[in-house]
Every structure is written in C-alpha cells, then in structure tokens.
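Q: I am new to this structure and would like to learn how to read its features one by one. Could we go through them together, with the general idea before each case?

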Amino acid sequence: MHIADTLSTLNALSPLDGRYGSRTAPLRGLLSEAAFMWHRVEVEVAWLIGLSDAGLPELPAFSAQAREVLKSLVQNFSEDDAARIKAIERTTNHDVKAVEYWLKEKVADHAELSAAAEFIHFSCTSEDINNTSHALMLTRAREQVILPQLQEVCDAIKAQARLHAEQPLLSRTHGQPASPSTMGKEFANVAARLQNAISAIAAVQPLAKLNGATGNYNAHFSAYPEIDWPAFSKKVLNGLGLTQNVYTIQIEPHDWMAALFDAIARANTILLDFNRDVWGYISLGYFKQRLKEGEIGSSTMPHKVNPIDFENSEGNLGLANAMLRHLSEKLPISRWQRDLTDSTVLRNLGVALGYSVVAYDACLRGIGKLELNAAAVDADIDACWEILAEPVQTVMRRYGLPQPYEQLKALTRGRGITEEALREFIGGLELPADAKNYLLELTPRSYLGVAVQLAQAI
C-alpha cells in the first residue's frame, strides 16, 4: 500500500491529528510545535524589551516604532515563520538557538534593533525560554480550551439533574436494591464533584523562571553586577502573567505542572465514573438514545443503538490519564541540575490534553442524546418494596420495639416482598397511630429524603 508523504487526517499516525483532528483543533494553535515556537518568540521579545528598559548603558530604551516591530513579530507569527525556524534548526541542531537566529534575521534590516541584536537571548539558557513558554502554553490551553469544555460538560450534567430532579430511582449499592434516590440527584452528585474538580484545575498557579543556566543569575551578574536581576526577572515574568519561581536548577522543577495534570486527571476520573454509570442506566433501559439519521449501531444487528459516545469518552479519558499521570510523576524528577528527559516528555502536552478534549466532546454528545424512559425506571422501583425495610426498622427503633433490624431482616433479606406483605407487617406493629399511618402511606417512590431538593439546587 502506498501512503502519501503529505500529512492528512487519513495518514496521520495519531488519531488526535487524524480521526479526531477536528475535535482537537482548538489546541493546535496553543500546544503544537509551531505554537511552541511562537511562544518562544513571545518570551524572547518580552525579555529583550525588558532589557531595553533596564537602563543598560549599551542598550538604550527602544523607540515606540522598534517596540511595535518586535511586538508584530509575535502578533503576526505564522506557519511560514515556524517553517523558517525549523529550517535554521536543521543547521544549528538546536531549537531555541534557531529561534534566536530567526529573530536576528527579522531585525537585520532595522537599524535600531539590529544594533541591539546581541541582546536577544542575553544571559538566558534555553530552559529559561522553554519553561516560560510551557507555562504560557499550558495556562492558555487551560483557560481557552480545557476549563470551558469541562464547564460545558458540567453544565450539561447540571441540566440533567434539574430536568430529572423528581424522577424516583431505585438505587443500587453493591449492585443490589438500596434506599431510593432520584435520577436528577445522581446527576447532581457528579456535577458537584466535577465543579469542585474544575475549581482545583483553575486554582493551580503557573510558575516560571528566567534565572540562567543553574538558577543563580551567574551570567547576568558577570555582565551587569549593579542590576537587581531577580527583581528584573520577576518583572518580565509578571508582565507575561506568570509567577516567578525563585528557587530552581537549570529547569523550573515542574511541580506546578504536576499539580495541574493531577487536577485534570481527577476531573477526568470523575467523568470516567459518570460515563460508566450512564452506560449502565442505558443498559437497564432507563435511558433511550435519540436516533441520528443514517447512523448504524451494528453491522449485523439492525436493532442496536449502542452507547458509543460514553464508551468513546471512557476510552479516551483512560488514555488521557495515562499520559497526565506519567507527566506528573516524571516531570518533577531531574538528575542533579538537569537532564534532558523532561524535554522530550514535554513535547506531549498536546497529546495528554488532546485525548481529554476528545473525551469531553464525546461525553457531551452522549448527554445530548439521552431520553429518559420513565416507564422502565418506575417499573423497577415499583417492584421493590423491600427497600422500605430501612424506614420501618428505623421507626421501630425510635419507639423501642424489640429487635427491629432482626425482624425486618427475617422478613425481607434475600427475597422480594410484596406491598401487601409489608403493610400487613406494619399493621401488626405496636406503634403510635401517626407513625403507623406514615409507614402505611410510604411507597418506594415517596421514600426520597431530600433528593429532589438537592437535585433542584445544584
């Protein structure tokens, strides 16, 4: 078979750029190789402009026109620019040096900037530029893609919680009938967990460093000992919207990244749990799925409407979490003042978040197809009067009747019980009239505690 050399969605090695390419497109401008180059250019320009404002005798403050030229290199960065950097890298065999040389090319015809060309990348180690770029990339991916998409899923789950707030549901603990809830309350449980997880993702504080080869500003002070370089570095980072990590080796230790990846993985785990539960409810017939014109459930069984969206979401969440957990475990570890193992791993940020985005999209599509089959839900709970053994024995306890738990256990455990049999048992109890009437009027559908209110309040 002949496969074309030009990359397409059909011959892409990863499904993130192939089958799921349209779903991961929002991340491409933030976490791709070209996006990494663009962020490096942004950091180099911010550093250079900062240097020009530092009062260095050899570097006068840039004119407004020169600043605009530099800023335009960031604002107008294109895939052609990325290709040129890549071409330079084929000679340098060093990706950050290629960015530096590209910047020098771009300012070569501008007298003011050309004179300042050797201050591009001044005193920086490659990791100064890279770690700051990664912080920007992850922050923007979080704010522009991950959090909005997760919130959209969470809002869809909240909507289901409110929609089905009053629908009684036979709960199952250990797979066996248990005290009832409502369908909406079960969705609300997930929404509350996921909202907390979203807050944890948003709360992670990105850190970065611009402090030289081993984190001590050695080169900086060798050239300009009179400058407060830690303060200068902090100002540049703050201007980029980042917080300075004061104590580092050659690399920023990546602890904050680990916290971010762990937080995203926790949200993903909650959604994975949700996918499996909804899959189960579909299997029980509690939910039908809206049909899509032309869609086929099985190549041989025409009747099937499979819960493929929830299955797709579950599978991709597993892949995402495998990557996220490796990143969080590996990145904070570096031999002595640094090794290069973090560099190749960090090139997979888009992969980890890409699988997450595919999963969120699939989950959202699955939720959008759900139609409650109230008749099936009601039939199950109406046939399970034994779940009222709990309130009966609890009221018996209140009024001091002998061995309430043991009596209900003998009556109900391991066998079904009819409405008539339970009412007959209640009728024979020596209880106050109001307590007995409460139990006689109780049904599996009405024994809901505050489930309805909780679901409506989410």
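A: Let us begin with domains, whose bounds come from an automatic or database domain assignment. On that basis the protein is divided into domain 1 (32–122), domain 2 (136–212 + 239–373) and domain 3 (384–457). This is a predicted model, in which local features need pLDDT of at least 70 and side-chain atom pairs count only at pLDDT 80 or more, while totals for chains, interfaces and linings use all residues. Residues are numbered from 1 along each chain as its sequence is written, and side-chain values use heavy atoms, with hydrogens and water left out.

Q: How many residues of domain 2 and of domain 3 are in contact?
A: Contact means heavy atoms within 4.5 Å. By that rule, 15 residues of domain 2 are in contact with twelve residues of domain 3, and the centres of domain 2 and domain 3, taken over C-alpha atoms, are separated by 40 Å.

Q: Which residues touch the most other members of the largest nonpolar core?
A: In soluble globular proteins, nonpolar side chains tend to be buried together. A nonpolar core is a set of buried Ala, Val, Leu, Ile, Met, Phe, Trp, Tyr and Cys residues joined through side-chain atoms within 4.5 Å; buried means under 20% relative accessible area, exposed over 50%, and partly exposed in between, with a 1.4 Å probe and protein chains only. Here the largest nonpolar core has 107 residues, and those that touch the most other members are Ile157, Leu194, Leu271 and Phe274. Because domain 1 (32–122) and domain 2 (136–212 + 239–373) both give residues to this core, it lies between them. Apart from it lies another core, of 19 residues, among them Trp385, Leu408, Leu431 and Tyr447.

Q: Which residues does Ile157 touch, not counting residues up to four places away in sequence?
A: With those residues left out, Ile157 touches Phe187, Val190, Ala191, Leu194, Leu271, Phe274 and Ile367.

Q: How much space lies in the largest pocket?
A: Rolling a probe the size of a water molecule over the atoms shows where empty space is left. On a 1 Å grid over the protein atoms alone, a pocket is an open set of points where a 1.4 Å probe fits, with protein on both sides within 12 Å along at least five of seven lines, and lining residues have an atom within 4 Å of a point. Grid points are joined across faces, edges and corners, and a volume is the space filled by probe spheres set on the points. In this model about 810 Å³ of space lies in the largest pocket. It is lined by 28 residues, of which Asp17, Arg28, Leu31, Ser32 and Glu33 are the closest to its centre.

Q: What classes of residue make up the lining of the largest pocket?
A: Ala, Val, Leu, Ile, Met, Phe, Trp, Tyr, Cys and Pro count as nonpolar, Asp, Glu, Lys and Arg as charged, and the others, Gly among them, as polar. The lining of the largest pocket divides into 14 nonpolar, nine polar and five charged residues, and at least three residues come from each of domain 1 (32–122) and domain 2 (136–212 + 239–373).

Q: Where does the second largest pocket lie?
A: The second largest pocket lies between domain 2 (136–212 + 239–373) and domain 3 (384–457), because both give residues to its lining. About 510 Å³ of space lies in the second largest pocket. Of the 17 residues that line the second largest pocket, Pro177, Glu386, Ile387, Ala389 and Thr412 are the closest to its centre, and by class the lining has six nonpolar, six polar and five charged residues.

Q: Is His164 buried or exposed?
A: His164 counts as buried because its relative accessibility is 8%. Helices (H or I, at least four residues) and strands (E, at least two) are DSSP runs, numbered from the N terminus, and His164 lies in the loop between helix H7 (126–163) and strand E1 (168–173).

Q: Where is Trp336 found, and is Trp336 buried or exposed?
A: Trp336 lies in the loop between helix H12 (308–330) and helix H13 (341–346), and Trp336 counts as exposed at 78% relative accessibility. Although Trp336 is not a glycine, it has a positive phi of about 45°.
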